Amino acid sequence: MKFIFSLVLFASIAYISYAVSVTWGNRNSSDALLMRERIVRAPLKNNYWSVNVEFPKPGQSNQRTISAVIVYDHFNNKSGAQPNLWSGGPGWRFATINLKSAMSSGINSTVEIYGR
């Protein structure tokens, strides 16, 4: 029994460590999805991508306070983008998230922003 538990624990830790998904803040059941954006970029040979995701988009306004920012990485081999929250986020009405890919790798991430 201990062997199976250890095997499952090791497998789950290995799986989690290969994805670069990040959450800032806490999402409640009453929070509304304010934005969902999928960012896909093809790999650049000997170069990297740096993509900024802004909320709200230029020309739009937002009256809700952000409660959570979640970035899902759809690569499972540590070659996905590294997300960074540059400004705003939970407690604010705006957010800027930067996604930076690894060298010679692409981006395949989804950014979700929830608010109250």
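Trainee: Which residues does arginine 93 touch, not counting residues up to four places away in sequence?

Mentor: This is a predicted model, in which local features need pLDDT of at least 70 and side-chain atom pairs count only at pLDDT 80 or more, while totals for chains, interfaces and linings use all residues. Residues are numbered from 1 along each chain as its sequence is written, and side-chain values use heavy atoms, with hydrogens and water left out. Arginine 93 lies in the loop between E5 and E6, strands being DSSP runs of E with at least two residues, numbered from the N terminus. Taking contact as heavy atoms within 4.5 Å, arginine 93 touches Phe55, Pro56, Asn62, Gln63, Arg64, Thr65 and Ile66.

Trainee: How is arginine 93 classed by its relative accessible area?

Mentor: With a 1.4 Å probe and protein chains only, buried means under 20% relative accessible area, exposed over 50%, and partly exposed in between. The value for arginine 93 is 44%, so this residue is partly exposed.

Trainee: Why is the pair of tryptophan 92 and phenylalanine 94 given the class that it has?

Mentor: The structure holds 1 aromatic pair. Its ring centres, in tryptophan 92 and phenylalanine 94, are 5.5 Å apart, and the planes stand at 65°. Rings of Phe, Tyr and Trp (its six-membered ring) pair if their centres lie within 6.5 Å, and planes under 30 degrees apart count as stacked, over 60 as edge-to-face and the rest as tilted. The pair of tryptophan 92 and phenylalanine 94 is therefore edge-to-face.

Trainee: Which strands stand at the edges of the open sheet of 3 strands?

Mentor: Two strands pair if DSSP finds at least two bridges between them, and this antiparallel sheet has the order E3-E6-E5. E5 is joined to E6 (residues 95-100) by 6 bridges, one of which has lysine 100 in E6 as the partner of glutamine 82. Each edge strand has a single partner, so one side of it is left without a neighbour in the sheet, and these strands are E3 (50-55) and E5 (82-88).

Trainee: Over which ring does the charged end of arginine 41 sit?

Mentor: A charge sits over a ring if NZ of Lys or CZ of Arg is within 6 Å of the ring centre and within 35 degrees of the ring normal. Arginine 27 lies over the face of tyrosine 114, at 4.3 Å from the ring centre. For arginine 41, the distance to the centre is 5.6 Å, and the ring is that of tryptophan 49.

Definitions and conventions. Helix = DSSP H or I, 4+ residues; strand = E, 2+ residues; numbered from the N terminus.
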